[in-house]
Amino acid sequence: MNQPSLLPPPRSHAAPLATPPMFDPAWASGAVQPGVGHQPQLYPPPGHPQAVAGGPMPMPMQGAPYPGQAYPQPINIVVQNTNTMTQGPTAGALVRVADRNKWVAALLAFFLGGLGVHKFYLGQTGMGIAYLLFCWTFIPVVISMIETVMLVLSSEREFDVRFNSQLAR
């Protein structure tokens, strides 16, 4: 019933910690309750020179540096803020505001582009009305064929940035 602990015996805080304490998954999960002989180990102990704020914290993460000890792999989080426009009327981040499909827009431009239906679908109501007003000249038909090719050749990302997002303020 009385199993030996995988934790090292308690140390005095006066002596520097030569090796980090052994990682015990049972202790970390709470399966082992603290009792006699079971005291949580702090790394580094309070008062140790490396415990000062801003001091180096040597936590070896590449494999097991000491026999019988293992450390979990670190979690790397990379944040890239490439928005350099922090002031002015164009400041803000892009936010997805619609769920339009580029292939639906391309098909509408090909078959009903002379009436400007693809412009209404893409949220460009003013251009859609202009296409309707000039549909009798067949100019919108020629322009919509060019727009069909441009929609088909654009990438999904380009289409999303242009038609499915806007700046949040």
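From the N terminus on, the elements of the chain follow the order α-β-α-α-α-α-α-β, giving six helices and two strands (DSSP runs numbered from the N terminus, H or I of at least four residues for helices and E of at least two for strands). The model is predicted, and local features need pLDDT of at least 70, side-chain atom pairs count only at pLDDT 80 or more, and totals for chains, interfaces and linings use all residues. Residues are numbered from 1 along each chain as its sequence is written, and side-chain values use heavy atoms, with hydrogens and water left out.

Of the 169 residues of the chain, 21% are buried (under 20% relative accessible area, 1.4 Å probe, protein chains only).

Helix α2 (residues 102-112) packs against helix α5 (residues 139-153) at an angle of about 160°, the axes lying 8 Å apart (axes are lines fitted to C-alpha atoms over the stretch in contact, and angles run from 0 to 180 degrees between N-to-C directions). The two helices, α2 and α5, are therefore roughly antiparallel (angles over 145 degrees). The contact (heavy atoms within 4.5 Å) involves Lys102, Trp103, Ala105, Ala106, Ala109 and Phe110 of α2, together with Ser144, Met145, Thr148, Leu151 and Val152 of α5. Eight of these residues are nonpolar, two polar and one charged (Ala, Val, Leu, Ile, Met, Phe, Trp, Tyr, Cys and Pro count as nonpolar, Asp, Glu, Lys and Arg as charged, and the others, Gly among them, as polar).

His118 lies in helix α3 (residues 117-121) and is buried, with a relative accessible area of 1%. Beyond its neighbours within four places in sequence, His118 contacts Ala105, Leu108, Ala109, Gly113, Tyr131, Ser144 and Glu147.

How values were computed. Angles under 35 degrees count as roughly parallel, over 145 as roughly antiparallel, 65 to 115 as roughly perpendicular and the rest as oblique. Buried means under 20% relative accessible area, exposed over 50%, partly exposed in between (1.4 Å probe, protein chains only).
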